Amino acid sequence: MSTQSISLLDAFKNRYSVRIYPGQQLTQHQTELIQNIIKNANSLETPFHSAGVKIALTEPGLGTPIRDLTILQKESGFIACLIPNNNSIQRSNIIDVCYIAQHALMQLEQNNIHTFWIAGTYDRKMAEERF
């Protein structure tokens with residue numbers, strides 16, 4: 001991982017989905033960087049001001065169903081989009097949490113940390129147990 005960040009424009013130009021990772025754990029520096037990116041993203045004002053929507057870092061293993069298809073391999077962790085159970089799943093909640101996640105994703109790309117979006121193809125029960 002390069003420690004030099006790139007411009008947002010270059011991040012958009014360079015970004016692509018990575019499906020096979022080297023299988024290494026995140027370093028302490030990477031984990032701290034990701035946590036800071038998440039903290040900053042969660043503090044953003046979102047388009048619909050949905051209460052309680054946020055993203056969070058968790059360890060690998062949420063992708064069991066997709067892993068069975070060998071689409072995703074050896075990931076180091078997941079950033080989950082979270083909408084509180086007390087919120088009805090409305091389009092505005094989804095847009096707001098995705099706004100936060102997209103902001104974080106591009107900051108990760110700026111720091112040479114590559115990503116892959118997963119929607120509806122992860123182990124939902126395990127995700128609920130973690131959060």
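How many disulfides does a search of the whole structure find? I ran the search and got 0 disulfides, a disulfide being a pair of cysteine sulfur atoms within 2.5 Å. Cysteine 81 takes part in none, and the nearest cysteine sulfur, in cysteine 98, sits 5.3 Å away.

Before going on, I noted the ground rules. The model is predicted: local features need pLDDT of at least 70, side-chain atom pairs count only at pLDDT 80 or more, and totals for chains, interfaces and linings use all residues. Residues are numbered from 1 along each chain as its sequence is written, and side-chain values use heavy atoms, with hydrogens and water left out.

**Cysteines.** Next I checked exposure (buried is under 20% relative accessible area, exposed over 50%, partly exposed in between; 1.4 Å probe, protein chains only). Cysteine 81 is partly exposed at 35%. Cysteine 98 is partly exposed at 33%.

**Positive phi.** Most residues other than glycine have a negative phi. I looked up histidine 49 and found phi near 55°, a positive value in a non-glycine residue. Histidine 49 is in the loop between helix H2 (28-42) and strand S1 (54-58). Helices (H or I, at least four residues) and strands (E, at least two) are DSSP runs, numbered from the N terminus. Histidine 49 is exposed, at 53% relative accessible area.

Then I turned to asparagine 112. Its phi is positive too, near 60°. Asparagine 112 lies in the loop from helix H4 (91-110) to helix H5 (124-130). I logged asparagine 112 as partly exposed, at 31%.
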